[in-house]
Amino acid sequence: MRVQDFSGKNLDRIMAEINYDISLLYVVPCIYTRNLILNHLIDRISMVESVAVAMSQTVQPQILPLQPGVTPIADPPALMQPMAPGTQATFTLQELSRFDGKGGNPAYVAVNGIVYDVTNNATWAAATHFGLTAGKNLTNEFASCHAGQPILSKLRAVGKLETM
Amino acid sequence: MNTSNGSITCPEYKARLNTAASLVETVKTQIRQDVLRKRNLVWLELTGCSGNIISLLDGSNPDFKYLISQMTHFIYNNSLLASEGQNAMEQLFSIPGSDYILAVEGAVATKNNGLYNIIGRLNGKWITALEAVKTLGEKAAHVIAIGACATHGGVSAARPNPAKCVSVQSVLNRKVIKLPGCPCHPDWFMGTIAHILLYGQPELDSRDRPLLFYSTLIHDRCPRRSYFDKGIFAEKLGDKTCMFKLGCRGPVTRIDCPIRQWNQYVNWPIEDDTPCIGCAQFGFPDAMEPFISYNITRGVKK
């Protein structure tokens, strides 16, 4: 979620969800359901956290290190060193193609000129997603399936795609 | 929470596992009491592998014998019918005009006007699968597409798709209930049929899958989910941790395998150390490949 998306109404809604989850945790006896609620809670807290981080920095919000709640917390080391958050790296298409998620490399994809890290994104198992592979500019593919869905704001942006 | 036998059973999961069984049980009782009437069921097999009817024969809640004798008038299935040739086709085409539920497995071959799949001969004339599904589909009370091929083309429509196979929905201008899966679990079909008999069409999601069975991602109920959250990943088949790095499609597949399990509720792929290949997701198999990958991103914790 970007700072500009984060209106007061959204914040109220997220806080309400957090409070609801907490109340629910007191009464749910089942450990499976409790785990689901905890996951939901972690997700919502990380949303609030990411916006707090975004507000405290002055760099462009699109390439801030936004952490989705469902992504594993520890970012593993990689052969090709992942870009440090907020470094505003610029990738050519050729450079991007090396981040294909193979041979121990991270998996990056570009959408609308921004490069995102999908290495540990659940829907990108083995750096592939519904027949698509990482290391590419997937702007058109994204638009044809996910237009209007709040997906990009949950991914970690690592840089920009160099325009010709 | 039930802690008998030292294991913890979530009451919600237990209830969900029994969804199909309890619906079928209600049907049984009501039919016995003459409250509910049996309905005609026609099962068409188009371009596929017969996997769904074989899967259904493995059903235990109830078993197949009960379905064909007590729940429905099972009118037609090409693999199981006693009649053959002209008699079988007459039986099939005597159905339109009466009340019936149409179940379809297999995709519809459309190349050369359907000539790639001839399902029989009626009065000397070839009947294509395309013609049969259109004729029977338009007039059925409900149409249920069973398995990957019928719901979205599946394996039959995989590249290069020489027979130009498409889903049942693509050739019918009406609501088609979709039960994707390769194959479809007997419970998903039995539960849907029982729901139709009792209450009519079950509640469907935006892609016409019954929410009874297709509401939650495999990933969300996976017994190995905690490994994913902690970033502990399997490097090879046989490892007991999360198989995300090997290409597990659990995170994009909506179905209840983790709790329902297969072969009369014995086991399921992940419990047997193989990644989910997304067989119940639209686009399978092409969109779910590679099924396994060893050349992967770093991040496996020893």
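The dialogue below sets computed values against their definitions.

Modeller: This is a predicted model, in which local features need pLDDT of at least 70, side-chain atom pairs count only at pLDDT 80 or more, and totals for chains, interfaces and linings use all residues. Residues are numbered from 1 along each chain as its sequence is written, chains are lettered from A and ligands numbered from 1 in the order in which they are written, and side-chain values use heavy atoms, with hydrogens and water left out.

Biologist: How many helices and strands does chain B have, and what makes a segment count as one?

Modeller: Helices are DSSP runs of H or I with at least four residues, strands are runs of E with at least two, and both are numbered from the N terminus. On that basis chain B has twelve helices and nine strands.

Biologist: Why is chain B called as compact as a globular protein of its length?

Modeller: The radius of gyration of chain B is 21 Å, close to the 19 Å given by the globule rule for 302 residues, so the chain is as compact as a globular protein of that length. The radius is taken over C-alpha atoms, and the rule is 2.2 Å times the number of residues to the power 0.38. Along the principal axes, the C-alpha atoms of chain B fill a box of roughly 70 × 50 × 30 Å.

Biologist: What share of chain B is buried, and what does the word require?

Modeller: Buried means under 20% relative accessible area, exposed means over 50%, and partly exposed lies in between (1.4 Å probe, protein chains only). Of the 302 residues in chain B, 56% are buried. The accessible surface of the chain comes to about 12,900 Å², and 51% of it belongs to carbon and sulfur atoms; such areas come from the Shrake-Rupley method with a 1.4 Å probe, and for residues only the protein chains shown count as cover.

Biologist: Into which domains is chain B divided, and how many residues of each are in contact with the other?

Modeller: Domain 1 spans 4-212 and domain 2 spans 216-302, with bounds from an automatic or database domain assignment. The C-alpha centres of these two domains of chain B lie 27 Å apart. Contact means heavy atoms within 4.5 Å, and 27 residues of domain 1 of chain B are in contact with 21 residues of domain 2 of chain B. Within chain B, 75% of the contacts with a separation of 6 or more join residues 24 or more positions apart.

Biologist: Which peptide bonds of chain B are described as cis, and what are their omega values?

Modeller: One is the bond from Arg159(B) to Pro160(B), with omega near 5°; another joins Phe284(B) and Pro285(B), with omega about 5°. Pro160(B) is in the loop between α7 (147-152) and β8 (165-166) of chain B, whereas Pro285(B) is in the segment after α12 (257-260).

Biologist: In what order do the elements of chain A run?

Modeller: From the N terminus on, the order in chain A is α-α-β-α-β-β-β-β-α-β, which comprises four helices and six strands. Of its 164 residues, 41% count as buried.

Biologist: Why is Val51(A) called buried?

Modeller: Val51(A) has a relative accessible area of 2%, which is under the limit for burial, so the residue is buried. Val51(A) belongs to helix α2 (residues 31-56) of chain A.

Biologist: What is stated about phi at Ala126(A) and Ala127(A), and are these residues buried or exposed?

Modeller: Phi is near 50° at Ala126(A), a positive value in a residue other than glycine, and about 55° at Ala127(A), also not a glycine.
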